[in-house]
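Please examine the sequence and the three-dimensional structure below. The paragraphs that follow lead through selected contacts, one at a time.

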Amino acid sequence: MRVLFGGWCAPGHALLGLALISSPTWAADGLAGSKLYSPTQRMAPARLNAAQRDSQRLRATATNAPAQAAQAAKLNDYRVIFHAHAEDSAHTGGTRPEMLAEAKKAGVHAIFLSDHYRPPRDFITESWRGMHDGVLFVPGSEERGFLLAPTHSIAAQMKLETPEFIKAVTADGGLIFLSHIEERPNHSMEGLDGLEIYNRHFDAKNDKAGILTLVLKMTDPKGIAELQKAVDETPDAIFAGQVEYPKVYLDKWDAETKNKRLTGVAANDCHHNQILIAKMKDENAVIVGTNVDRDDQMRPVPASLRPTIRELVKGHKPGDVVGLVDLDSYHRSFLNSSTHIFASELTENALRDALRNGRAYVSHDWMCDPTGFAFYAQTGDRQSFLGSELKLDSGPIKLVGLLPQDATIRLIADGKPVAQAEGRRFEFDVKEKGVYRLEAWLKIDGEMRGWIYANPIYVR
Ligand SMILES: [Zn+2]
Ligand SMILES: [Zn+2]
């Protein structure tokens, strides 16, 4: 059985040992004392209720008007999804029409698809491209450890050596991002536009205890009812229970941006493949798995281990589905993690241009809609948005962060926290060269949880 809450990717992903990056001494950790609970503890009904309630309160009291600085620069804040899978593999449960409907529900403006590569199908010419019912689709692929968004078919170049391959992807405005950083922490960033700075699947992989918790629930009528109640009443909180500070990702980003501009994006890594299913095997056993598992891939659980199974299968015949809970509908996944892009208009070209220039931030929207957020450098009466490059000796530089909700705001320079403040406005006078990025944290159920991770302003 391949239950992994946040999605499940290439075969063997879940089982492979992680290549751990040793933490450099300069790197930032999460906020001191921010974490109170493990993912399993966050699954308790009282925890879920408190987290969902807090997010509702934060959303209700936010001021989401577009930031004046963005309006002045004629930039709109678009909610965009990266690393999204639909009808692209045997382990993907969702379809593109379903994804579209769910994107509209979540207020998503654009989706960069990342189809698993399966020749001879061409992931550019045989996919969705352009506006579909108000949502912009950009075709692409997840292959060779990258998210690929070329502007034209590269079917003939897929087997090139890596440097030539990267050139083929990025020719004529194509974009390429390094993906699943924990698997390749030392990968070269040469020729790349950026990297994932958050990946929902990584959190799922790390929560080994979560799988057991879910199996236990799916083999007990009371557990199934509880899980369904949690999905109905606290859908965002339960999806976010595994989410942690993405240190491995941010460490790589902080280290590499010292030398080179790199745009950070959020990997949603959604597949809609976490519909949990329990099926009756016989009166003394069930099999438990997901919507993408064949029966022989599901995990048999005997009543000798879980006596509640006898009650679960009562009145059923072998093969009957006796429990089904949908954990990862696309729209819940989209609300969990997204990339906001400041662009002049909702077109593929405008989004590509913004990404190349680092005008983006990663957000966990479920906690509070971040629209209205801005991070810019004020020099005289000029405002330079995140992603900009400025010269220290060209005059005083003030960094300004604007938040739609009271938050704990933290400024990181070259991987080191250099300032922290509370509230909706943050200012910092730059005295030294550095790569300055902003984080915003919100209190959810007593814990400080990372909400916004902004792309840097480069002071050279
Ligand atoms: Zn996958
Ligand atoms: Zn993926």
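A residue is called buried when its relative accessible area is under 20%, exposed when that area is over 50%, and partly exposed in between. With this scale in hand, one may turn to the model, which is a predicted one.

Consider Arg460 to begin with. Its relative accessible area is 28%, and therefore Arg460 is classed as partly exposed. Arg460 forms a salt bridge with Glu389, and the closest N and O atoms of the two are 3.3 Å apart. Because Arg460 lies in the segment after strand 24 (457–459) while Glu389 belongs to strand 19 (residues 389–390), the pair ties together parts that are 71 residues apart in sequence. Glu389 is also partly exposed, because its relative accessibility is 44%.

The second pair is found in another setting. Glu439 and Arg437 meet through their side chains in a salt bridge, with 2.8 Å from N to O. Is Glu439 buried or exposed? Its relative accessibility is 0%, so Glu439 counts as buried. Arg437 has a relative accessibility of 2% and therefore counts as buried too.

Lys252 forms a salt bridge with Glu256, the closest N and O atoms lying 2.8 Å apart. Both residues are part of helix 10 (residues 247–257), where a separation of 4 residues corresponds to about one turn of the helix. Lys252 counts as buried because its relative accessibility is 2%. The helix around it follows this pattern: 9 of the 11 residues of helix 10 are buried, so the helix is largely enclosed by the rest of the structure. Among the buried residues of helix 10 are Val248, Tyr249, Leu250 and Trp253, as well as the charged residues Lys247, Asp251 and Asp254.

In the whole structure, a search finds 37 salt bridges.

The last topic is the packing of helices. Two packed helices are described by the angle between their axes and the distance between the axes. For helix 7 (residues 208–218) and helix 8 (residues 221–233), the axes come within 6 Å and cross at roughly 115 degrees. Which residues of the two helices meet? Helix 7 contributes Leu214, Lys217 and Met218, and helix 8 contributes Gly223, Ile224, Glu226 and Leu227. The residues of this contact comprise 4 nonpolar, 1 polar and 2 charged ones.

Technical notes: Residues are numbered from 1 along each chain as its sequence is written. Chains are lettered from A and ligands numbered from 1 in the order in which they are written. This is a predicted model: local features need pLDDT of at least 70, side-chain atom pairs count only at pLDDT 80 or more; totals for chains, interfaces and linings use all residues. Side-chain values use heavy atoms; hydrogens and water are left out. Axes are lines fitted to C-alpha atoms, for helices over the stretch in contact, and angles run from 0 to 180 degrees between N-to-C directions. Contact means heavy atoms within 4.5 Å. A salt bridge is a side-chain nitrogen of Lys or Arg within 4 Å of a carboxyl oxygen of Asp or Glu. Buried means under 20% relative accessible area, exposed over 50%, partly exposed in between (1.4 Å probe, protein chains only).
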